[in-house]
Every structure is written in C-alpha cells, then in structure tokens.
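Dear colleague,

Please find the structure below for your records. My notes on it follow directly.

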Amino acid sequence: AGLPDGVVQLGSTVGRLDYPTGESGEQPAIRVTVTSGEGASEELLAKHVVLAAPPRVLAASIDFDPPLDPTLLKVMKATPTWMEDVGKVATTWSRPFWREGEGEGQGA
C-alpha cells in the first residue's frame, strides 16, 4: 500500500502552520500554507503534518499559529544542525589506494 496520487507535493515550501486548538473532542484541520517552486501560494487542510527537517530550520522558516512555546522555540533554535559546519566533498580515484596501507578510507 502506498500514498494516494497527489498527496505529496515536491518542490514546495511550507511557510506557515495554523493549528487550531479546539475544545471539542474532534480534532480541527491544520491549515498548511505552501509556496510552490513557481511562487504560487496554496492553503491545504490536513489532519496530521509531519515535519522532516532539523529543529533549527523549522524554527527559522515556518510561522506557527498559535506561536510555539518560547522555551521550545529557544531550544529548537539552539539545536545544532547535523554536519552544519562540515565541508562535504565527493571525488573519484583511478584506484583504491587507501586499501594498500593501514587506512580505512576515512577522511579527516
């Protein structure tokens, strides 16, 4: 089983999440404001939203309404983004020279 066609939007950016805090037992819809790669904005309704990005990125790029708890927001902004300050390089070699010595191919 997979997701139905059209439920995943690639190349778009979430800019705002409005999540009403309903008093009744029924969960109200979450409003998600999305901007496409072409710049068009669209509002979607969802029962659930999965945010798959580092906390620091979410805190800096999405407006939440109601606003997140200030303590949580502070922690999110202070959470290091994995490998944020690491330079990444990809290269190929004509032969696996690292296997000839004691090394394991690890970089430093």
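Thr81 sits in the segment that follows helix H2 (70–78); helices here are DSSP runs of H or I with at least four residues, strands are runs of E with at least two, and both are numbered from the N terminus. Thr81 is buried at 17% relative accessible area, where buried means under 20%, exposed over 50% and partly exposed in between, with a 1.4 Å probe and protein chains only. Leaving aside residues up to four places away in sequence, Thr81 touches Pro54 and Arg56, a contact being heavy atoms within 4.5 Å.

The model is predicted: local features require pLDDT of at least 70 and side-chain atom pairs pLDDT 80 or more, while totals for chains, interfaces and linings use all residues. Residues are numbered from 1 along each chain as its sequence is written, and side-chain values use heavy atoms, with hydrogens and water left out.

The protein chain has 2 helices and 4 strands, which run β-β-β-α-β-α from the N terminus. Of its 108 residues, 13% count as buried.

The structure holds 3 salt bridges, defined as a side-chain nitrogen of Lys or Arg within 4 Å of a carboxyl oxygen of Asp or Glu. Arg16, Asp18 and Asp65 are linked in a network of these. Because Arg16 lies in strand S1 and Asp65 in strand S4 (residues 63–65), the latter pair ties together parts that are 49 residues apart in sequence. Asp18 is buried at 6% relative accessibility, whereas Arg16 is partly exposed at 30% and Asp65 is partly exposed at 33%. Elsewhere, Glu43 and Arg31 form a salt bridge at 3.9 Å, N to O; this pair links strand S3 with strand S2, the two residues being 12 apart.

The largest pocket contains about 660 Å³ of space. A pocket is an open set of points on a 1 Å grid over the protein atoms alone, where a 1.4 Å probe fits and protein lies on both sides within 12 Å along at least five of seven lines; lining residues have an atom within 4 Å of a point. The volume is the space filled by probe spheres set on the points, which are joined across faces, edges and corners. There are 22 lining residues, and the closest to the centre are Val14, Val32, Val34, Val49 and Val50.

Yours sincerely
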